[in-house]
Amino acid sequence: MTIARKLQDYIEGEGVAYDTVAHHRTATTSQSAQAAHVPGSRLAKSVVVHHEMGYFLAVVPSTHRIELSTLQDVMNRRLGLASEEEVSTLFADCDTGAVPPIGSAYNVPVVLDESLGNVSDVYFEGGDHRTLVHVSGPNFRSLMKDAQVARFSHPSG
């Protein structure tokens, strides 16, 4: 599949330079980081969260875990993880579990963990389990310009 069409159209429409990194098929973002030989702290992981009014993406480094109670406080809502069916409906051109963090391409709001705020370059799932998209840190922040930024994760371990 390489990069999802909606994602590609959005990034190119924003005039953002990017490249892709192919890797063998993986099941998790941590495995993707290893397979593509990129630091997990620079691989943005997207988690689709639902609430009573709809959905949003919570975006954290692949090396981190979301603190759902903290995220509920940040969003001032009761939250839960979206089901695979819900995710497939929202991100129809992406493989299950390979959701890109660029919610604007899909009209899905984003909450970005502040730990990704100053990284020099960022990698993220491009819509399948074999391709990462790579952008500079400033370009990532430009793509995430509409995101709410907060601290709601901690390193896994």
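# Exercises on a predicted model

His23 touches Ser32, Ala35, Ala36, His129, Arg130, Thr131 and Leu132, leaving aside residues up to four places away in sequence, where contact means heavy atoms within 4.5 Å. This is a predicted model, in which local features need pLDDT of at least 70 and side-chain atom pairs count only at pLDDT 80 or more, while totals for chains, interfaces and linings use all residues. Residues are numbered from 1 along each chain as its sequence is written, and side-chain values use heavy atoms, with hydrogens and water left out.

**Exercise 1.** Locate His23 in the chain and decide whether His23 is buried or exposed.

*Solution.* Start with the position: His23 sits in the loop between strand E1 (19-22) and helix H2 (29-36), where helices (H or I, at least four residues) and strands (E, at least two) are DSSP runs numbered from the N terminus. Then take the relative accessible area of His23, which is 9%. Buried means under 20%, exposed over 50% and partly exposed in between, with a 1.4 Å probe and protein chains only, so at 9% His23 is buried.

**Exercise 2.** Find the aromatic pairs and classify each by its geometry.

*Solution.* A search of the whole structure finds two aromatic pairs. Rings of Phe, Tyr and Trp (its six-membered ring) pair if their centres lie within 6.5 Å, and planes under 30 degrees apart count as stacked, over 60 as edge-to-face and the rest as tilted. For Phe91 and Tyr106 the ring centres are 4.7 Å apart and the planes stand at 50°, so this pair is tilted. Phe91 and Tyr106 both lie in the loop between helix H4 (84-90) and strand E6 (110-113), 15 residues apart, and both are buried. The pair of Phe124 and Phe140 is tilted as well, with 6.3 Å from centre to centre and 40° between the planes. Phe124 belongs to strand E7 (residues 121-125) and Phe140 to helix H5 (residues 137-143), 16 residues apart, and both of these residues are buried.

**Exercise 3.** Identify the residues that touch the most other members of the largest nonpolar core, and the element that gives the most to this core.

*Solution.* A nonpolar core is a set of buried Ala, Val, Leu, Ile, Met, Phe, Trp, Tyr and Cys residues joined through side-chain atoms within 4.5 Å. Of the 31 residues in the largest core, Leu7, Phe91, Ile102, Phe124 and Phe140 touch the most other members. Among the elements that each supply at least two residues are helix H1 (5-13), strand E2 (43-51) and strand E3 (54-61), and H1 gives the most, with three residues. A second, separate core of ten residues includes Val49, Ala58, Met75 and Phe152.

**Exercise 4.** Describe the salt bridges of Asp9 with Arg5 and of Glu114 with Arg151.

*Solution.* A salt bridge is a side-chain nitrogen of Lys or Arg within 4 Å of a carboxyl oxygen of Asp or Glu, and a search of the whole structure finds five. Asp9 and Arg5 meet at 3.3 Å, N to O, and because they are four residues apart in helix H1, about one helical turn separates them. For Glu114 and Arg151 the closest N and O atoms are 2.9 Å apart. This second pair links distant parts of the chain, with Glu114 in the loop between E6 and E7 and Arg151 in the loop between strand E9 (148-150) and strand E10 (153-155), 37 residues apart.
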